[in-house]
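Please look over the model below before reading my comments on it. I have kept them as numbered points.

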Amino acid sequence: MHSAVLPRFNLPFPNPFRVYNSPMPTLRSRDGRKRDAPPNGSPTPARTHKRQHDATRPGSDGSGPMVPMPAMVPGAKVMPLVENCGVLSGGGKGGDAKLVRYVALLRGINVGGRRVKMDRLREIFIGMGFTRVSTFIASGNVIFSTGDDPATLGARIEERLEQVLGWDVTTFIRTPHALTQIAAHRPADHTEDRALYIIFIHSPASVDLRERFAALDAPSDRFTLSDSGCEIFWSITTKISESPLFGGKFEKAIKGVANSTRNTTSLAKLVAKLGSD
């Protein structure tokens with residue numbers, strides 16, 4: 001897995017590259033759908049976030065801003081973009097040939113007042129018809145198998161979790177194959193004395209998002225993209241909470257883009273669990 005584009009976000013981007021014109025799968029809208037109230041009988045709160053693909057991504061007609069292809073670092077091997085952020089790029093050991101193994105990375109689980117036990121989380125996923133459901137640590141990592149349409153999995157899980165838990169749980173879906181590549185990747189300028197975090201997003205980063213992170217780039221905080229453009233690698237000299245970017249500047253840069261962050265240590269352990277699952 002090679003660093004794509006953004007070698008320390010040197011801008012402006014050269015654009016002698018072809019755009020990636022395959023449209024992202026359109027998720028079915030949930031606007032107007034009837035939702036069940038949470039178990040306590042209180043009305044389901046209005047959603048503060050709706051899953052949507054990057055509005056600046058080029059359409060099938062080639063319209064929209066030029067988005068450079070991956071691996072524009074001189075000499076780097078050009079890797080194809082992974083469709084739908086790795087969701088369609090092959091699963092793990094699903095048992096039944098019709099079933100595919102997935103991992104749901106949930107944002108904001110057991111943070112602040114949003115508490116849920118892992119056995120309850122597993123029950124919710126089993127209730128949705130998923131099989132071979134397991135969880136990894138208590139931060140919202142659920143492994144499961146299904147033959148359902150991968151393009152709508154995230155939205156379905158988000159909707160059901162909101163119905164049952166009573167709050168919005170942004171969900172990112174990846175296959176074991178994609179997560180294994182992500183966990184093994186190290187940006188070209190990353191050294192082992194630095195910490196590495198992975199920021200998951202729903203669709204390939206737009207030029208606008210890249211430019212916002214380019215403005216944050218510094219020797220202490222470096223950012224690169226995965227081949228798919230759906231993960232941002234944050235290489236940092238300190239703990240993430242001690243970075244001058246933590247909080248205000250980071251939140252301003254990623255404003256409007258649903259995201260969830262994992263560190264490489266926990267991600268590597270999750271991948272190891274997938275290998276023995």
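Predicted model: local features only at pLDDT ≥ 70, side-chain atom pairs only at ≥ 80, totals over all residues.

1. Residues are numbered from 1 along each chain as its sequence is written, and side-chain values use heavy atoms, with hydrogens and water left out.

2. Helices are DSSP runs of H or I with at least four residues, and strands are runs of E with at least two, numbered from the N terminus.

3. Setting aside neighbours within four places in sequence, Phe 125 is in contact (heavy atoms within 4.5 Å) with Ala 104, Phe 130, Val 133, Val 142, Phe 144, Ile 157 and Leu 161.

4. An open, antiparallel sheet is formed by four strands in the order β6-β7-β5-β8, where two strands pair if DSSP finds at least two bridges between them. Its edge strands, β6 and β8 (259–263), each pair on one side only. Five bridges join β6 to β7 (residues 231–236), with Thr 224 partnered by Phe 233, and five also join β5 (residues 195–201) to β8, where Ile 199 has Thr 261 as its partner.

5. Although β6 is an edge strand, five of the five residues in β6 (residues 221–225) are buried (under 20% relative accessible area with a 1.4 Å probe, protein chains only), so this strand is largely enclosed by the rest of the structure. Asp 221, Phe 223 and Leu 225 point one way from β6, while Arg 222 and Thr 224 point the other way; in a regular strand the side chains alternate between the two faces of the sheet.

6. Thr 146, found in strand β3 (residues 141–146), has a relative accessible area of 4% and is therefore buried. The side chain of Thr 146 reaches the backbone nitrogen of Asp 148 at 3.0 Å, and, leaving aside neighbours within four places in sequence, the residues in contact with Thr 146 include Lys 98, Tyr 102, Phe 130 and Leu 153.

Definitions and conventions: Buried < 20%, exposed > 50% of the residue type's maximum accessible area, 1.4 Å probe, protein only. Polar contact = N/O pair within 3.5 Å; in protein donor to acceptor, adjacent residues only side chain to side chain.
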